Amino acid sequence: MGNSVYSPGTLPARLTPDEYEANFSDINPGLSPHEAMVEADRCYFCYDAPCVTACPTGIDIPLFIRQISTGTPRAAAKTIFDSNILGGMCARSCPTENLCEGACVREVAESEPVEIGRLQRFATDTLMDENIHPYMRAHETGKIIAVIGSGPAGLACSHRLAMHGHNVEIIEEKPFLGGLNQTGIATYKTVNDFAQQEVEWLLKIGGIKFQLNKVVKDLEDLHKLTQEYDAVFVGAGLGDVNRLHIGSDKFQEAVTFIEELRLANDYGNIPIGKNVVVIGGGMTAIDAGVQSKLLGSENVTIAYRRSRSDMGASEHEINLALKNGVKLVTNAVPLGMSGDGTDEKLLLGRTEIIDGKIQQTEDMIELPVDQVFMAIGQKLEFDPGSLAIDAGKIVVDSHGRTSVPGIWAGGDCTNLGEDLTVTAVAQGRDAAEDIHRHLSK
Amino acid sequence: MPSLNSTFAGIKSPNPFWLASAPPTDKEYNVSRAFEAGWGGVVWKTLGLDPHIVNVNGPRYGAVWGPDRSLMGLNNIELITDRPLGVNLKEIKSVKRNYPDRAVVVSLMVPCDEESWQGILPQVEETDADGVELNFGCPHGMSERGMGSAVGQVPDYIEMVTRWVKANTRMPVIVKLTPNITDIRYPARAAKKGGADAVSLINTVSSITSVNLDTFSPEPSIDGKGTHGGYCGPAVKPIALNMVAEIARDAETSDLPISGIGGISTWRDATEFLLLGAGNVQVCTAAMAYGFRIVSELQSGLLEWMNDKQFENVTDYQGLAVGNVTDWQNLNLNFVTKARIDQDLCIKCGRCYAVCEDTSHQAIVINSGRTFEVIDEECVACNLCVNVCPVEGCITMEQLQPGMVDERTGQTVDENPLNWTQHPNNVLACTTD
């Protein structure tokens with residue numbers, strides 16, 4: 001007999017290959033043409049539509065839905081890509097219930113918003129499946145820009161710069177492009193290696209070269225780049241994580257786990273605890289918790305130090321976790337471990353929030369645990385030196401300008417980042433426009 | 001309990017809902033199913049002389065869709081029955097025998113000579129059918145052969161043929177009118193002069209529903225070519241209502257029974273026709289879109305409404321709206337309304353704002369928090385905002401009571417009506433003093 005959900009310890013291959021396949025299939029498959037037509041008919045074509053206002057990239061949503069409803073999904077895709085070149089990934093990963101769909105007037109009217117995310121995916125998939133890249137480059141400007149990091153901010157910036165005729169050189173520390181789109185999004189949201197396909201599709205614009213496995217570690221490196229390039233854009237993301245100082249080999253970083261899953265060829269090779277606890281309250285905690293369950297963990301608990309309403313994860317995501325059988329323990333902060341071997345337990349202290357501050361009470365909780373994933377936030381890996389910093393992130397203005405002339409930044413590494421792909425895309429795009437204006441002077 | 005019993009042009013039926021002469025009434029099988037479902041009567045699909053006509057063997061229908069592909073308009077290029085006369089007559093007799101309480105009227109279209117009519121009428125009488133309907137309406141195909149709307153478009157022909165038919169049968173004669181004319185009153189008057197017991201309208205409207213953007217052929221396409229068809233369904237209801245009202249309020253035809261036809265899909269549509277003077281109604285497209293079962297809703301809806309209004313019989317309210325149809329010049333210009341937006345019902349789509357700002361009178365303002373409000377100084381009460389609002393009842397037109405000031409004109413609303421014939425700007429108005 002092989003391993004099962006009930007086998008003690010942290011073990012691989014708890015499920016059958018068929019179960020893995022079912023568990024990690026597309027959580028929200030694309031709409032069929034018929035479904036898309038029915039759904040598109042629900043859009044009211046609002047004036048100054050709230051969905052557009054709610055979209056960080058400001059996609060003209062009523063227009064693209066009208067284009068779908070009139071049988072022109074390629075035109076719809078172009079409308080989307082005009083504002084958001086990573087519209088395909090955003091259609092899959094955006095917390096739409098907090099953004100466009102949350103603002104939809106049908107949400108007000110019927111508690112059933114137009115399924116904007118799925119319609120967006122229908123349009124973008126239609127175009128991308130045909131391998132059409134709908135943009136041409138302007139005449140070569142002879143300028144060259146260094147883009148640090150190839151996540152959503154870097155890719156959006158690169159594409160927009162290339163469109164304006166500039167040359168781009170992406171510097172990426174990993175051996176592949178895509179950043180968090182490639183490694184940080186739950187597997188079931190982006191099946192069939194979509195992130196990589198999207199990068200390849202995006203690069204068809206031309207004029208974008210890249211260097212992999214190359215680290216830009218500090219401001220000094222950046223200064224060197226400003227000598228070699230006409231401008232520098234930093235979209236480095238948050239490469240480092242916050243850690244708990246509890247000495248136990250059962251503790252692991254949630255982002256590493258999620259990345260491991262995304263890059264896995266065989267889910268059966270990934271060991272997972274019978275009892276898993278995820279520490280944190282954001283999207284990363286949810287992704288780690290749900291995927292632990294899908295890998296065959298019997299008991300998965302997300303422990304968060306504040307209340308449910310304080311969690312960074314959207315209500316939709318929290319419900320997804322609950323639906324998958326993940327338990328939620330709120331107002332609990334990890335203190336240490338007790339016991340040993342397969343009898344080890346995680347000790348948590350009950351908290352109260354007094355005047356907005358967390359206070360530990362005398363109540364204690366013990367959770368049996370084989371594996372603990374920490375999802376308590378990421379931080380800048382890069383040493384910013386004298387670059388202006390706020391709460392550990394690079395300060396930028398609305399144009400993406402940092403405190404150092406010639407250096408722009410965008411995405412999660414900046415103070416305006418929101419840990420969202422779509423926000424990073426907007427920042428990368430807008431910085432590219434500013435760089436273009438600057439270089440065109 | 002109110003009764004739906006109906007007597008139209010002397011023809012009795014258990015309810016005023018008949019199926020119009022059309023594909024659903026072409027065969028005994030269909031008509032029997034219709035009667036089992038509860039329809040009060042049928043007008044059998046138009047009979048012609050043998051040898052029977054032939055239909056195209058490609059598509060016969062074209063369509064216009066609303067949101068969610070709901071069928072708003074249907075167009076057809078089907079001709080009259082393509083079965084031998086004898087087969088139809090035999091089936092009509094059988095149906096009437098099996099359903100003696102239902103109305104069975106036979107639609108006829110034969111060449112424009114008296115002999116043809118003299119020939120067919122006795123054969124129809126043989127079936128014990130309750131009456132005949134003269135198809136002077138079909139705008140496609142048969143009209144090229146001098147029948148259908150080719151007759152209906154010439155009042156003199158209507159009168160002539162009606163007279164022939166009346167002279168050659170004891171059955172009630174209903175004349176079916178085409179809307180493809182400039183003024184419906186002329187053909188209606190002609191039918192009456194010819195002795196018609198009733199008119200029925202409207203037949204279908206000449207139409208091309210769409211053009212194929214790949215083949216450049218009109219739809220429905222027959223080997224790359226198309227022809228105009230007859231348009232029907234919800235899209236034509238307003239045209240039909242107006243034509244029914246025109247006949248009902250015309251002094252020469254106000255006593256002529258009308259069978260109302262055109263886009264009737266629900267009990268509400270049917271009731272509107274009855275209020276505008278129709279004695280009964282005929283339905284086709286709604287049945288072709290949903291099947292015969294809709295008649296249950298037609299009956300229950302009308303009964304509930306009659307109960308609410310305390311009407312006992314269909315005749316109690318027939319024509320009650322006719323007196324309220326008037327000419328524009330008689331409308332009260334001192335009746336002032338303003339649009340009002342119910343903020344609790346508003347879902348903030350902003351459609352009212354977009355259309356008022358772009359296409360009307362700039363009478364809606366967006367306030368902070370995306371609330372929309374009417375500017376009384378600008379609102380001309382056009383009603384466009386009401387019509388585009390997706391939420392029924394959210395925007396309403398509220399009357400300014402006499403004594404209140406219309407902020408747009410600065411004038412106090414007069415309690416006395418004033419119409420165009422009395423208006424100072426009307427140079428043709430009475431100027432006796």
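**Entry 1: Chain A as a whole**

I note at once that the model is a predicted one.

I next looked up the overall dimensions. The C-alpha trace of chain A spans about 65 × 55 × 50 Å along its principal axes. A compact globule of 441 residues would have a radius of gyration near 22 Å, and chain A has 23 Å, which agrees. I then asked what share of the 441 residues in chain A is buried. The share is 49%, where a residue counts as buried if 20 or more other C-beta atoms lie within 10 Å of its own. Among the contacts in chain A with a separation of 6 or more, 71% are accounted for by residues 24 or more positions apart.

**Entry 2: A sheet in chain A**

I traced an open sheet of five strands in chain A, with parallel pairing and the order S7-S15-S9-S10-S11. Strand S7 (251-253) and strand S11 (327-330) of chain A each have a single partner strand, so they stand at the edges and one side of each lacks a neighbour in the sheet. From one strand to the next, the twist averages 25°.

I followed one pair in detail. S7(A) pairs with strand S15 (residues 371-374) of chain A in the parallel sense, over three bridges. In this pair, A:Gln252 stands opposite A:Phe373 in S15(A). Which helix packs on the sheet and touches S7 of chain A? I found helix H14 (residues 254-263) of chain A, which also touches strand S9 (275-279) and S15 of chain A. The direction of H14 makes about 65° with that of S7(A).

**Entry 3: Two packed helices in chain A**

Two packed helices are described by the angle between their axes and the distance between the axes. I looked up both values for helix H10 (residues 152-163) and helix H17 (residues 421-440) of chain A: the angle is about 35°, and the axes are 7 Å apart. The crossing of H10(A) with H17(A) is right-handed. The contact includes A:Pro152, A:Leu155 and A:Arg160 of H10(A), and A:Val425, A:Glu433 and A:His436 are among the residues that H17(A) contributes. I recorded the residues of this contact as 11 nonpolar, five polar and three charged.

**Entry 4: Where chain A meets chain B**

I found 10 residues of chain A in contact with 11 residues of chain B. On the side of chain A that touches chain B, helix H8 (residues 105-110) of chain A gives the most, with three residues. This side of chain A has eight nonpolar residues, no polar ones and two charged ones.

**Entry 5: Chain B**

In chain B I counted 12 helices and 22 strands. Its radius of gyration is 25 Å, close to the 22 Å given by the globule rule for 433 residues, so chain B is as compact as a globular protein of that length. Its C-alpha atoms fill a box of roughly 70 × 60 × 50 Å along the principal axes. Of its 433 residues, 45% count as buried.

I also traced an open antiparallel sheet of four strands in chain B, ordered S5-S6-S14-S11. The twist averages 35° from one strand to the next. S5(B) and strand S6 (residues 71-76) of chain B pair over five bridges in the antiparallel sense, and B:Tyr61 stands opposite B:Asn76 in S6(B).

Note on methods. Residues are numbered from 1 along each chain as its sequence is written. Chains are lettered from A and ligands numbered from 1 in the order in which they are written. This is a predicted model: local features need pLDDT of at least 70, side-chain atom pairs count only at pLDDT 80 or more; totals for chains, interfaces and linings use all residues. Two strands pair if DSSP finds at least two bridges between them. Axes are lines fitted to C-alpha atoms, for helices over the stretch in contact, and angles run from 0 to 180 degrees between N-to-C directions. Two residues are in contact if their C-beta atoms, placed from the backbone, lie within 7 Å. A crossing is left-handed if the near helix is turned anticlockwise from the far one by less than a right angle, and right-handed if clockwise. Ala, Val, Leu, Ile, Met, Phe, Trp, Tyr, Cys and Pro count as nonpolar, Asp, Glu, Lys and Arg as charged, and the others, Gly among them, as polar. The radius of gyration is taken over C-alpha atoms; the globule rule is 2.2 Å times the number of residues to the power 0.38. A residue is buried if 20 or more other C-beta atoms lie within 10 Å of its own, exposed if 12 or fewer, and partly exposed in between; C-beta atoms are placed from the backbone.
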